[in-house]
Amino acid sequence: LRDMTRRHGALFFVNDDVELARSVNADGVHLGILDGDWSDVAQIANSSVANLVGVSCYNDLDRAWKAKAAGASYVAFGSVYPSKTKPHAARASLEIIREARTDLNLPIVAIGGIEPENASAVVGAGADALAVINGLFGSQDIEATARAYMSAFRPRLEETESTT
């Protein structure tokens with residue numbers, strides 16, 4: 001996977017495991033509440049584990065502020081909607097994403113139950129990226145579904161282009 005992502009110019013993240021991220025020379029590592037001490041994210045990022053460190057914040061803005069203070073590259077909120085992958089996950093409202101967008105000044109990833117039909121609302125609330133599993137891989141036409149997700153970002157791209 002590491003070699004493939006390099007060939008295609010994509011970032012490679014390892015979920016939950018700092019040591020695995022280090023061993024495969026990942027670009028990033030994503031850490032949840034049970035994934036060890038992320039309180040010094042900058043130390044993780046500077047220790048050749050990965051340049052980018054993301055922290056799951058679930059539905060907790062205070063955790064996001066702590067992650068930012070610790071040097072997180074981005075924060076993730078979710079489950080935004082009911083999730084088939086993690087049905088008991090904490091729910092993060094679109095309002096939390098809006099508040100994080102207004103206050104944090106960090107990239108925001110939204111996860112959980114995001115389908116092409118609700119992706120625009122999540123991006124409109126302020127998400128910079130969508131983490132999807134079932135919505136994409138449960139589709140009969142993965143390419144068309146990926147394009148549908150990408151279209152959720154079109155208004156933001158058009159806005160950016162008009163201001164440059």
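Biologist: Which backbone nitrogens does the side chain of S83 reach?

Modeller: First the idea. A polar contact is a pair of N or O atoms within 3.5 Å; within protein, one must be able to donate a hydrogen and the other to accept it, and residues adjacent in sequence count only if both atoms are side-chain atoms. Now the case. The S83 side chain comes to 3.2 Å from the backbone nitrogen of T85. It also lies 3.0 Å from the backbone nitrogen of K86. One caution: this is a predicted model, where local features need pLDDT of at least 70, side-chain atom pairs count only at pLDDT 80 or more, and totals for chains, interfaces and linings use all residues. Residues are numbered from 1 along each chain as its sequence is written, and side-chain values use heavy atoms, with hydrogens and water left out.

Biologist: Where is S83 found, and is S83 buried or exposed?

Modeller: S83 sits in the loop between β4 and α5. Helices (H or I, at least four residues) and strands (E, at least two) are DSSP runs, numbered from the N terminus. Buried means under 20% relative accessible area, exposed over 50%, partly exposed in between (1.4 Å probe, protein chains only). S83 has 13% relative accessibility, so it counts as buried. Contact means heavy atoms within 4.5 Å. Beyond residues up to four places away in sequence, S83 touches G112 and G113.

Biologist: Which polar atom lies 2.8 Å from the backbone nitrogen of F12?

Modeller: One in the side chain of D27. D27 belongs to the loop between α2 (18-23) and β2 (28-31). D27 is buried, at 18% relative accessible area.

Biologist: How do I read a helix face? Which residues of α5 are buried?

Modeller: An α-helix has 3.6 residues a turn, so residues three or four places apart point the same way. In helix α5 (residues 94-103), the buried residues are I96, I97 and A100. Viewed down the axis of α5, they fall within an arc of 100 degrees, so they line one face of the helix. The arc is that of the directions from the helix axis to the C-beta atoms. These buried residues pack against α4 (61-70), β4, β5 and α6 (116-125).

Biologist: Which residue just after α5 takes a positive phi?

Modeller: N105, at about 60 degrees. N105 is not a glycine. It is exposed, with a relative accessible area of 67%. Y58, in strand β3, also has a positive phi, near 55 degrees, and is a residue other than glycine. Y58 is partly exposed, at 26%.

Biologist: What is the volume of the largest pocket, and which element gives the most to its lining?

Modeller: On a 1 Å grid over the protein atoms alone, a cavity is a set of points where a 1.4 Å probe fits but cannot get out, and a pocket is an open set with protein on both sides within 12 Å along at least five of seven lines; lining residues have an atom within 4 Å of a point. Grid points are joined across faces, edges and corners, and a volume is the space filled by probe spheres set on the points. Here the largest pocket has a volume of about 960 Å³. Its lining holds 35 residues, with N15, H30, K86, I111 and A131 nearest its centre. β4 gives the most, with four residues.
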